[in-house]
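Me: I'm new to this one, so could you walk me through a few spots, starting with a side chain that reaches back to the backbone?

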Amino acid sequence: MSIDLLPFQTRAADQIAARYLELAQDPRRPMEHRGWEVPFYQALSSVTGSGKTVILADALSQIRAGMSQEPIVLWISKNKAVVDQTYANFETGGKYSQLITDFNTAYLSSATASEILDDSQAVVLFATVGTFNRSQTSRDFLRVYQVAIDETGQSTWSLLKERKAPIVAVRRPLIVVYDEAHNLSDQQTDLLFELEPQVILAASATMRTPGKLGQVIDRLKHAGWSDQIITDLPGKPSKCLVTSVMTKEPVDAGLIKRQIVLGGYTTEMETSIDDMMEEFNRVDSVAQNLVAGFRPKAIYVCRTNVAQEDGVTDNPHSPFLERKAPPILIWRYLTEQKGVSPAEIAIYGQLKVDHKSFKLPDDFNLFSGGDDDFAAFSAGSYRHIIFNQALQEGWDDPACGFAYIDKSMASPMQVEQVIGRVLRQPGARHYADASLNTANFYIRTGSRQEFQKILDTVKRRVAGQTPDVLIEGYSDPRDRSRSRLEPKEKRMVPEIHLDSDAAVDPLLQAIALMHDYNGDGINTLGPGEVTRVMQLVGESSSPVVETIRKDHSNRVVARWLVRRHMQSLYPEAVKTVDWADPKFEVRVEVTSVAAAALREAAERLVDIFLDNSELTFEDANPYVVSSVLSRPDSIEVFDNALHQGYSDLNPNELQVARAIDATGYAWCRNPVNGGFSIPLLDKGDSRRFYPDFLVWKGEKIVAIDPKGGHLLLGDAGRKLLAIRDERGRQRVLLRFITEGRWSHETMKQISRDGFSVWRMNSSGQIRSTHHSAVEDAVKKCLEV
């Protein structure tokens, strides 16, 4: 299975690559010493689950295209499981392999001399910091420091330092990518700087810059670079050291769950798990009914060998039924009382066991080997995982939506760390039932006051990093059930989907008309150059600027160039193109006339796709109104709504909701976290539109939205208002309400008084009517 970049991911990768070129082409680029410029540094700050790896991979491909030689990439992380997963994703056939088609992949520990010295092929070498992170006295024990790699008589580390063949004058560029860079230590930084890299990319949700790296950043700051977050305009790269992804983007894209619910329990373990399993089983049924394609999973965070209640060390030299270790107690409660199959439970931790005298049950799945056991653990289909936080980095199963945290682990910091493991959204999309888009935490504490401190701290910290994720908390378990409101009756809406069948032939024609650059040895070539600035440290003489002009720039496959540009505009469009066409096989240099023409062709293909695609109804898989989550202390009760009430309405939405309720028709608040949605036929990040309210009037459903007026200016809004079924009938009618008086001829606001209702007339023209009161505007919306 391959993966396509989302527009925000493409934009972040573009920004990193453009900033690299900004520094690489700067004649005033500072030097570390003669022959080594200050490396380009970029911190990728992005929330867990937003796709940092794919952003970095795409940035690498672009940076490579701007280099004069094929680079070596050293991709490192602290955790072996993280490195192994990344390597598996990038090697041939992995889901990310198409992002680095011009790179070979290998582990650093097994790298060959040719992979390091051959500058005709880019390579990514994967390693944990433990591969090279040793003191001077212990280096002899590490393979990368051992002499005689192949027949060169040099160690891997020495070859990396030189990274050039004997007859080559210039060494290959080195790019260091540090995943989970918040773990970066001073010693690791010093060792990496022995290699004198040209580029350092650091990815983490929280950044720190230790030791010598901080000194390098200071040199870049003195050269005009800033660590204040800036979002660049296209074609105008800034001198900024941080690329930051707004949380709203991965949330809206469906990569991250919409809501976090924290429950505080001052009761015994059994009661906490009872409540979690009740919700777990309910959500499991919802997932199966909606054919979601996954079944929920739960994690249990607890101490390993210390009893939770009295802090006494568990005795491994005792019968299994007398053990007090929390993993064993949780395992027994799940299997003996909650009916969970032992085959679905895994314990990941160094649980002490007397294997000779007091063996564990045969169906007790214990993984106590740490990183060595991670692959075997990952291969299992476990739905209940018990651990003591050692599993956090490297395990990121999106199906995990539940977490029980025992009281010895319930500190604000530990809860915050666990949240990152439960934030990813399964299927990379939000579902029609909000419970499938929610991360649920069941936290045992010593008192309600203690839980309130956790809740306040987590809200402050997590909300600061993920402001678009709603965080709710309760200390009375009854509030959990009251917060979920079931619909009073069953109501459905025909699903609306994207019909792009009519775009296939126009796309084929457009591709047929594209110029074929196979065999073209002129337009596929483009010049390149490398600018070097040499300054002797400690001398006041002017720096020496040296520009090396090259006949060629790096080559890329036309398919990669066209595909990624289309993805940045409208990802769905790439699924309709026949990528097997030989025109996409040709290699072009990135500065060539052909490359520029292919980028323009990519935009035309997206325009053709959008122009020839329509929105249509589908009866086979209707949207069914499900339960909603509401805050009991701030709910607004309605008489005719499908639910008792709603608590997430802003003032503008509230007045519209009251006006709808007064009409007497059945209606509901449409939740943005997985409610009824309509695909958007528009370039950009937003892929789906969620109208605020749904109203049932006879056989018609009216979708009313008081905030979507911005869509009216483009074709996307026109197509939203014109949705019909295969018989030309309008079954779901979309109405926009905008504040003020508007002109439908100029699409501009004339005054701020009253409200305007937007609809499409029978001749396909968008028209607006003005109303002094919101009640009149709602009545106009309901004219069908």
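Me: What does the side chain of threonine 335 reach at 3.2 Å?

Reply: At that distance, the side chain of threonine 335 reaches the backbone oxygen of arginine 332, and at 2.9 Å it also reaches the backbone oxygen of tryptophan 331. These are polar contacts, meaning pairs of N or O atoms within 3.5 Å in which, within protein, one atom must be able to donate a hydrogen and the other to accept it, while residues adjacent in sequence count only if both atoms are side-chain atoms.

Me: Before I go on, what kind of model is this?

Reply: It is a predicted model, where local features need pLDDT of at least 70 and side-chain atom pairs count only at pLDDT 80 or more, while totals for chains, interfaces and linings use all residues. Residues are numbered from 1 along each chain as its sequence is written, and side-chain values use heavy atoms, with hydrogens and water left out.

Me: Okay, where is threonine 335, and is it buried or exposed?

Reply: Threonine 335 sits in helix H10, residues 326-336; helices here are DSSP runs of H or I with at least four residues, strands are E runs of at least two, and both are numbered from the N terminus. Threonine 335 counts as buried because its relative accessible area is 19%, where buried means under 20%, exposed over 50% and partly exposed in between, using a 1.4 Å probe and protein chains only.

Me: Which residues does threonine 335 touch?

Reply: Leaving out residues up to four places away in sequence, threonine 335 touches Val340, Pro342 and Ile345, a contact being heavy atoms within 4.5 Å.

Me: Switching topic, how many salt bridges are there?

Reply: A search of the whole structure finds 39, counting a side-chain nitrogen of Lys or Arg within 4 Å of a carboxyl oxygen of Asp or Glu.

Me: What links glutamate 70 and arginine 64?

Reply: Their side chains meet in a salt bridge, 2.9 Å from N to O. Glutamate 70 is buried at 11% relative accessibility, arginine 64 is buried at 3%, and both residues belong to a network of salt bridges that also links Asp102 and Arg587.

Me: And which helix holds aspartate 252 and lysine 248?

Reply: Both lie in helix H8 (residues 248-252), four residues apart, about one turn of the helix, and their side chains meet in a salt bridge at 2.6 Å, N to O. Aspartate 252 is partly exposed at 34%, and lysine 248 is partly exposed at 40%.
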